[in-house]
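Hi there,

Here is the structure I said I would pass on. Have a look at it first, and then read on for what turned up.

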Amino acid sequence: MSIVIKTTQEIEKMRVACRLASEVLDYITPFVQPGVTTGELDRLCHDYMVNVQDCIPAPLNYAPPGHKPYPKSICTSVNHQVCHGVPGDKKLKSGDIVNLDITTIKDGWHGDTSRMFAVGEASIQAKRLNLITYECMWKGIMQVRPGHHFGDIGHAIQKHAEVNGYSVVREFCGHGVGSKFHEDPQVLHYGKPGTGERLEPGMIFTIEPMINAGKKDIRSLGDGWSIVTKDHSLSAQWEHSVLVTETGWEVLTLSSGSPPLPAFVTPA
Ligand code: MF3
Ligand code: CO
Ligand code: CO
């Protein structure tokens, strides 16, 4: 495993790419309403990234080993879909929860972020899952500082999920991000304190826990991409790209429309 340490100049380019990814989510938010199809959301985001931001949507035709090229520009994972939901003709309806995952490429650098949305009136259970998953991501971010270990991040996330009665998906993880979409290291969302590599200033990686209301097990759908919960329970995910600073963390994927930080978050 070799984790790239970004230079000051590279970090500045990552700040731009990451803010743009977050601004795509700001832009699309008012369109996430009952009756819209995930395909329409994909088209709107695609056109915004390409025509307004002058970015490349990283998912389009992305083909990691063992996968056929991803056919769309964003991922839309609805209800029991865990991640990599492929946009299509299905209309969102009131009560659905959906994750929109955006990755921009600006000037060769990747910004990767996702948020959950409740469509129309969602159930108390669905809103609680979205909220606890958001807190899980931030519990992980709060562990980011030089000298801490990747296992500290995973442990904080797992503890908050499980104490609230939820489970952590094991098969997918956060990842280094930079000139490549997916770089070392793998950032697990479960684990033991003090294990794994040490964090160093200049590392940039995502924290993107997938949290299930039921059991942790998943399976993949026939489209070659979409992942769903095996027990059909709801699943939620939030994602930020995070820089390790000299004193702690800097979240790069923030913008004016980012939701407020949980009350337990204190400055790095
Ligand atoms: N954006 C996802 C992540 O957070 C990866 C999506 S890969 C795709 O890592 F091909 F499905 F877009
Ligand atoms: Co990611
Ligand atoms: Co992502």
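Let me begin with Ile97. Leaving aside its neighbours within four places in sequence, this residue is in contact with Ser77, Val78, Asn79, Met116, Phe117, Ala118, Ala122, Ala126, Leu129, Asn130, Leu234 and Ser235. Ile97 sits in strand S4, which covers residues 97-106. Its relative accessibility is 1%, so Ile97 counts as buried. Between Ile97 and Gly120 there are 9.2 Å in space, C-alpha to C-alpha, and the two are 23 residues apart in sequence. Please keep in mind throughout that this is a predicted model.

Now for the chain as a whole. It has 4 helices and 15 strands. For 268 residues, a compact globule would have a radius of gyration near 18 Å, and the chain agrees with that, at 17 Å. Along the principal axes, the C-alpha trace spans about 45 × 45 × 40 Å. Of the 268 residues, 54% are buried. Among contacts between residues at least 6 apart in sequence, 71% join residues that are at least 24 apart.

As for the surface, the accessible area of the chain is about 11500 Å², and carbon and sulfur atoms account for 54% of that area. The chain carries 25 positive and 29 negative side chains, with the centres of the two sets 6 Å apart.

For Cys83, the nearest cysteine sulfur belongs to Cys75 and is 7.7 Å away; a disulfide would need the two sulfur atoms within 2.5 Å, so Cys83 is in none. Cys83 has 3% relative accessibility and therefore counts as buried. Cys136 is in no disulfide either, and its nearest cysteine sulfur, that of Cys83, is 16 Å away. With a relative accessibility of 0%, Cys136 also counts as buried.

Another residue to look at is Ser255, in the segment after strand S15 (249-251). Is Ser255 buried or exposed? Its relative accessible area is 15%, and the cut-off for buried is under 20%, so Ser255 is buried. Leaving aside neighbours within four places in sequence, Ser255 is in contact with Arg19, Ser22, Glu23, Asp26 and Arg115. Glu23 is 232 residues from Ser255 in sequence, yet the two are 6.0 Å apart in space, C-alpha to C-alpha.

Finally, some notes on the backbone:

- The peptide bond from Asp184 to Pro185 is cis, with omega near 0 degrees. Pro185 lies in strand S8, residues 183-187.
- His84 is not a glycine, but it has a positive phi of about 60 degrees. This residue is in the loop between strand S3 (81-83) and S4, and with a relative accessible area of 24% it is partly exposed.
- Asp107 has a positive phi of about 60 degrees as well, although it is not a glycine. Asp107 is in the loop between S4 and strand S5 (109-118), and at 58% relative accessibility it counts as exposed.

Do write back with any questions once you have had a look.

Best wishes

Terms used. Residues are numbered from 1 along each chain as its sequence is written. Chains are lettered from A and ligands numbered from 1 in the order in which they are written. This is a predicted model: local features need pLDDT of at least 70, side-chain atom pairs count only at pLDDT 80 or more; totals for chains, interfaces and linings use all residues. Side-chain values use heavy atoms; hydrogens and water are left out. Buried means under 20% relative accessible area, exposed over 50%, partly exposed in between (1.4 Å probe, protein chains only). Helices (H or I, at least four residues) and strands (E, at least two) are DSSP runs, numbered from the N terminus. The radius of gyration is taken over C-alpha atoms; the globule rule is 2.2 Å times the number of residues to the power 0.38. Contact means heavy atoms within 4.5 Å. Accessible areas come from the Shrake-Rupley method with a 1.4 Å probe; for residues, only the protein chains shown count as cover. Lys and Arg count as positive and Asp and Glu as negative; His and the chain ends are not counted. The place of a charge is taken as NZ of Lys, CZ of Arg, CG of Asp or CD of Glu.
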